Amino acid sequence: MQDLIQITKYEIGTQEINSANARDIHKGLGVKTRFDMWIDRAIKKYDFRENVDYVVMLKTVHNSKGGRKAKDYIVTMDMAKELSMLENNEQGKVWRKHFIQAEKKLIGQNQNIQPFMVQLLETNQE
C-alpha cells in the first residue's frame, strides 16, 4: 500500500514511538467538521489522554493578518487507527489498514523487537 500519511518517531509520554499528525488524518479522512472541534470531541468522547495517546504542539500559522496560534496534535498509531475507525466511512477503512500495514513494516525494521511481538501484532490485526 502506498504511504498515505507521514509516520514519524515522536516522544509521547516517556517513550519515542511511531506517530502521526492528527491534522493530516483529519484532512485525509475528508472530515467536514472543523479540525479543532473534531479533535476536541474525539478526545473527550473516547477518553484519549494527553502525553499517553497524544501530545500538543503549538505553532504559528501565517495569514494575511500576520498569523495566529494553532495546535497540532501528534497521536500514537493506536489513536490514529481509532480515529480512522471512528469516522466510519470508506476512507476511514483505507486509513486504518494503512496504519496497520505501516506499523507492521516499522516493527519489522526494528532489530530489537522479539519475533513473538510481531506475531502477536499480526494476530491482533486480523
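I looked up helix 2 and found F35, W38, I39, A42 and I43 buried (under 20% relative accessible area with a 1.4 Å probe, protein chains only; exposed is over 50%, partly exposed in between). Seen down the axis of helix 2, these buried residues fall within an arc of 125°, so they line one face of the helix; the arc is taken from the directions between the helix axis and the C-beta atoms.

I note that this is a predicted model, in which local features need pLDDT of at least 70 and side-chain atom pairs count only at pLDDT 80 or more, while totals for chains, interfaces and linings use all residues. Residues are numbered from 1 along each chain as its sequence is written, and side-chain values use heavy atoms, without hydrogens and water.

I then checked the face of helix 2 turned away from its buried side, which carries the exposed residues K44 and K45. Helices (H or I, at least four residues) and strands (E, at least two) are DSSP runs, numbered from the N terminus.

Against what do the buried residues of helix 2 pack? I found helix 1 (22-29), strand 3, strand 4 and helix 3 (77-87); contact means heavy atoms within 4.5 Å.

I turned to the sheet, which is open, with four strands in the order 1-2-4-3 and antiparallel pairing; two strands pair if DSSP finds at least two bridges between them. Its edge strands, strand 1 (8-12) and strand 3 (54-61), each pair on one side only.

I recorded eight bridges in the antiparallel pairing of strand 3 with strand 4 (residues 68-76). Y54 has V75 in strand 4 as its bridge partner.
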